[in-house]
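Hi,

Here is the structure I promised to pass on.

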Amino acid sequence: MLFWKEFYLGIKAPKGTKDILPQDSYKWQYIESVVRELTALFGYREVRTPVFEHTELFLRGVGDTTDIVQKEMYTFEDKGHRSITLKPEGTAGVVRAFIESGMAGGPQPTKMYYLSTPVFRYERPQSGRLREHHQFGIEVFGAPDSSVDAEVISVALKLFERLGIGNLRLNINSIGCPECRPVYHEKLKEFLRQNFGSLCPTCKERFEKNPLRILDCKEEGCKALVKEAPLMVDFLCEECETHFGRLKAYLGALDIAYSINPFIVRGLDYYTKTVFEIISDNIGAQGTVCGGGRYDKLVQEIGGPDMAGIGFGLGIERLLLVLEQEGIEIPQPTVTEVYVCSHGEAARLEAAKLVAELRQNAIKADMDHVGRSIKAQFKYAGKLGVRKVLVLGEEELEKNTAVLKNMENGEELVVNRDVILKMI
């Protein structure tokens, strides 16, 4: 027998997008429930920002030298001739909301999270990375101390721990601040200038505007070249060096293992001081499952006060991929606990009343809605994985009873209509 979908030639989902179907959505709901429970323990509250923002927000916040702004943003002009962009990342919108709402003038720190927020990037779709994907992220404003850096990292690691994910590595780095970074930039450019011709075209463009990004290039030639480059951690100012040292002390106090990777710079211009990545070795070359860092100048850059900020983002699709690769099964909820089979119009009406009563008492119940025979109704109930079936027919209506069948062992019991709820 051929299924109708083999002949379907209609509209399909755009490339790089994916439907989340009912047979998969429970996995998302499970992750979301774990996230909500965890963030509540740390004092984070949810924020929801628009799917699109004024393009200027990302030009100022994310940075016009980033791959996101140069190559990946979905930008269009609306009917009012305003440049609008589907958000390519979560932080800039949260910062804008933080300033616009007046929260920046309230008591600090402010701790927020966003969950399953859609993010849009025009890039080549690959494993766990789609043109429309969904992120969980947290943002903390008004907390300059390294203790919150450690806390943010701890939230991410606790989430993975609660989901049963192991085999993860935490890499940290400091990329300095506007005070010490210019000195390092000159040292780095001096080194790179000797082999400028060997840089890829993208890195040649980065050379003047943002040479730090060259350290993060994925081209093999550039990766080999920068292995001997001077490192930012060797040029930190006293404040940044102290901050990084305190972060390592806090991570030690929390018993969090880490490695220092001086080549982590992250792909966004707003980062300062702490940057970090959590890596899984189970999902191939694109192994970063969480990344973030400090952005102490971003609030001011977008128009707010001079205020520290830090956060991270992780893709839900990539998280699900890690769970799959590690063989971790998310518990599948029971869709229907009790199915009411009926025969005859009067019995169908009574079945509708009984289903309503069961649902009123928090029991997942359903009945036939397509006019199946009793045999077909039982078969359908079996496909649903129902544990108990109630049968109503003319005889049961006359005697004010119902037949209760246990689908696991086949046992049948005639019960009085008035005690069905107690029996179940």
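Buried residues account for 48% of the 424 residues in the chain (buried is under 20% relative accessible area, exposed over 50% and partly exposed in between, with a 1.4 Å probe and protein chains only).

Some ground rules before the rest. This is a predicted model, so local features need pLDDT of at least 70 and side-chain atom pairs count only at pLDDT 80 or more, while totals for chains, interfaces and linings use all residues. Residues are numbered from 1 along each chain as its sequence is written, and side-chain values use heavy atoms, with hydrogens and water left out.

Overall shape: I get 15 helices and 16 strands (DSSP runs numbered from the N terminus, with H or I of at least four residues for helices and E of at least two for strands). The radius of gyration is 28 Å, well over the 22 Å from the globule rule for 424 residues, so the chain is more spread out than a compact globule. Both terms are simple: the radius is taken over C-alpha atoms, and the rule is 2.2 Å times the number of residues to the power 0.38. Along the principal axes, the C-alpha atoms fill a box of roughly 95 × 50 × 45 Å.

For contacts (heavy atoms within 4.5 Å), take pairs at least 6 apart in sequence: 69% of them join residues at least 24 apart.

Now the cores, meaning sets of buried Ala, Val, Leu, Ile, Met, Phe, Trp, Tyr and Cys residues joined through side-chain atoms within 4.5 Å. The largest has 46 residues, and those touching the most other members include Val95, Phe98, Phe141 and Leu215. Among the elements giving two or more residues to this core are helix H4 (91-100), strand E5 (110-120) and helix H6 (181-193). A second, separate core holds 42 residues, including Val35 and Leu323.

His54 sits in strand E2 (residues 52-54) and is partly exposed at 48% relative accessible area. Beyond its neighbours within four places in sequence, His54 contacts Arg82, Ser83 and Ile84. Gly344 is in the loop between strand E12 (338-342) and helix H12 (345-360), and is partly exposed too, at 31%. Gly344 and Glu394 are 50 residues apart in sequence, yet 7.1 Å apart in space, C-alpha to C-alpha.

Cheers
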